[in-house]
Amino acid sequence: MGVQLAAEQTGLADIGDVNFSDLELAYHVRDALKSVSVGDSDNYDQLLGVLHHNERLAPDEVALLVTSLKALSGAVSYIDVVHHRALLACICGMSLWNYGPDVMDALVELVISLAASSGKYIDLCLDMLVSNFMPPYSFLELLKEPRGLARKDQVLHRVHLALKDITDLVPLAPLRLEQIIKERMPNIYTKEPLIVIYVENMLTLESGVMGELVGSSMLVEVVNRLIDLDVEIGWDDILHDDLPKGIFEMELEDEEGAVRHSEIGSDELQREFSSQKFLWGNVVAEKLDSLMELIFEHLKSCNDGGRLIQVFETLLQSFQSTVLNAYKSKFAQFVMFYACSLDPENCGERFASRLADIFRNGAYAQDWRMSAVSYLASYLSRAKFLSATYVATALESLVDWCSNYCKSHGGDINPKAHRVFYSGCQAIMYVLCFRMRSMLGVPRLRSQLSLMPIDAILKHPLNPLKVCLPSIVEEFLQQAKAARLFSVSEILVLFGLLESELSRTFGGLDRLDMFFPFDPYLLKKSDRYIRPNFVYWSMVRPACDNDDEDDDDEEHILDEYNNEGHLDQNAVAMSFDEDDLDEFNLNQMSITPQNSLKYRFGGDLRGRTQMPSRIRPSTSPESL
């Protein structure tokens, strides 16, 4: 009733009763616009009434609105930013989601004409189109239905065509569009469907005809929003009772529900089995999960379209400038991981190479270099798609750097002065915890590994075994002893500890000693993109299946090697290089004795450790 009364008061009924031809209505609109400057606004007010009327339009009202919008398109040169402020506000406030195709087309035509008529309207028009990236709140439930999805396709198709037309007509439009999209990007508290559809539009721009103009900036902004969401996920959502445990213990499944991967019949069952490890009931995590799924699917389409390498370069630059030092980030970095998995030979190796370059380059800040080598170690350890041959080559590069450092530096333990060196040593041991057995199973890689001066590095007076995380040192020494590859002694550290005062010192305020950025992925929906390409510790943990005595466990390991100290190939689980070891079974892989109390705790007798249902995050909270 109020809408009808308002329409009558503004003259809507009168203008609708007059039979104007399209040309006559165009002249009528022009006169209405010109008359405002001389103080006559009756016809102008009638026009505003037509535009404001947008609810339950009858067919004749739709026709009048379409004709009025088309008339305005032909009279944009008469629109004045001062005299027609209400008209401009009305046009920019119209939502395409509220109208049918005919009105949509007429409104888009008007916006394009207005943008092309004068540079002073370009921001208004671009902002109006970008505002239509998201539907009104009233449409959120409708988007779950086929007719809602059809409306979405109708709206967004027109929006992107209009953006393309405007950029063709106004050369500076892409620069303004980038800024407007950035400013209008929903914050982390926006409802999930709205932020998802907004990012979907950004990725559409990246992959569309405008990709060459704005594509890079769209990707960068999407990654920035992923980080914003990621760091909002509180540590309490991940950490429970795991802090006293070693990093390898934290990742293992609950003992009562744990099964060998060889006993699981399908990927779907694996996902179901591991479901207890996902983040449940966290609204921010659910938003991040949906966005990660969206960008993973986008990267997959980029790979299918032959443009992944181009997109990867943008992601790599964004990673180095933002993600690399976002130490609280737990999931956003998996964008890089998944992109690498799609093209291991190009993207995968380039990512590792860039990380190694940053680590070795003294021009970068220490924290950058330490973060880079932590990423490199985590990546080499977790990426199933990297061959054992490539991992060995990358590892040798790290060993060479640490060896040269030892030759040029003397003195005793100093965690603060030699932070980068200790982070490199810890990276070497961490990678070997995951990859040593797969490399030992290949004679040429075993030979390559045995020639690396790891022994000399670990016995250097800087004594990395006492500074690096005890839990990593312990696991490494267990394997080194079992393989009879190195002669280091496990009595150098106090076993059974997650961290030490020395490791905390070299880790610094950001605890880079505990930074493992590619720890297991805990987002449920998007996990399916990561899981097939990811090495879990449970895949390389002890193969023993019973609670034998300590000596039995040690004998179990040593029996896997023949008298010459070489691995029995039947005991090797898997190299992640199918060309070298495709006869080995991943599900047989073992690193340390499952129940070795002697090795695990350096001689202390303790009960069997209960495995947590969730793992630790990629770095510790500041409370540590």
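Is Asn 463 buried or exposed? I looked this up in the model, which is a predicted one.

**Entry 1: Asn 463**

I find that Asn 463 has a relative accessible area of 15%. Buried means under 20%, so Asn 463 is buried. I place Asn 463 in the loop between helix H23 (454–458) and helix H24 (464–467). I also checked the backbone: the phi of Asn 463 is positive, about 50°, although the residue is not a glycine. For context, I note that most residues other than glycine have a negative phi.

**Entry 2: the nonpolar core**

I next looked up the largest nonpolar core and found that it has 189 residues. Among those with the most contacts inside this core are Phe 296, Phe 351, Tyr 379 and Phe 476. I recorded that helix H21 (residues 419–440) gives the most to this core, with 15 residues.

I then listed the partners of Phe 351, leaving aside its neighbours within four places in sequence. Phe 351 is in contact with Phe 312, Leu 316, Phe 319, Met 336, Cys 340, Tyr 379 and Phe 518.

**Entry 3: aromatic pairs**

How many aromatic pairs does the structure hold? I count 30 aromatic pairs. I examined Tyr 379 and Phe 518, whose ring centres lie 6.2 Å apart with the planes at 50°, so this pair is tilted. The pair links distant parts of the chain, 139 residues apart. Tyr 379 is in helix H19 (residues 366–382), whereas Phe 518 is in the loop between helix H26 (501–507) and helix H27 (527–530). I find both Tyr 379 and Phe 518 buried.

I also examined Tyr 430 and Phe 434, a tilted aromatic pair with 5.3 Å from centre to centre and 50° between the planes. Both residues lie in helix H21, four residues apart, about one turn of the helix. An α-helix has 3.6 residues a turn, so residues three or four places apart point the same way. Tyr 430 and Phe 434 are both buried.

**Entry 4: helix H8**

I looked up which residues of helix H8 (residues 122–131) are buried, and found Ile 122, Cys 125, Leu 126, Met 128, Leu 129 and Val 130. What covers these buried residues includes helix H6 (85–93), helix H7 (101–117), helix H9 (146–169), helix H10 (173–184) and helix H11 (192–207).

**Entry 5: Gln 448**

I located Gln 448 in helix H22 (residues 443–451). The side chains of Gln 448 and Glu 396 are joined by a polar contact of 2.9 Å. Leaving aside neighbours within four places in sequence, I find Gln 448 in contact with Ala 392, Thr 393 and Glu 396.

Key: Residues numbered from 1 in each chain as written. Predicted model: local features only at pLDDT ≥ 70, side-chain atom pairs only at ≥ 80, totals over all residues. Heavy atoms only, no water. Core = buried A, V, L, I, M, F, W, Y, C linked by side-chain atoms within 4.5 Å. Buried < 20%, exposed > 50% of the residue type's maximum accessible area, 1.4 Å probe, protein only. Helix = DSSP H or I, 4+ residues; strand = E, 2+ residues; numbered from the N terminus. Contact = heavy atoms within 4.5 Å. Phe/Tyr/Trp six-rings, centres within 6.5 Å; stacked < 30°, edge-to-face > 60°. Polar contact = N/O pair within 3.5 Å; in protein donor to acceptor, adjacent residues only side chain to side chain.
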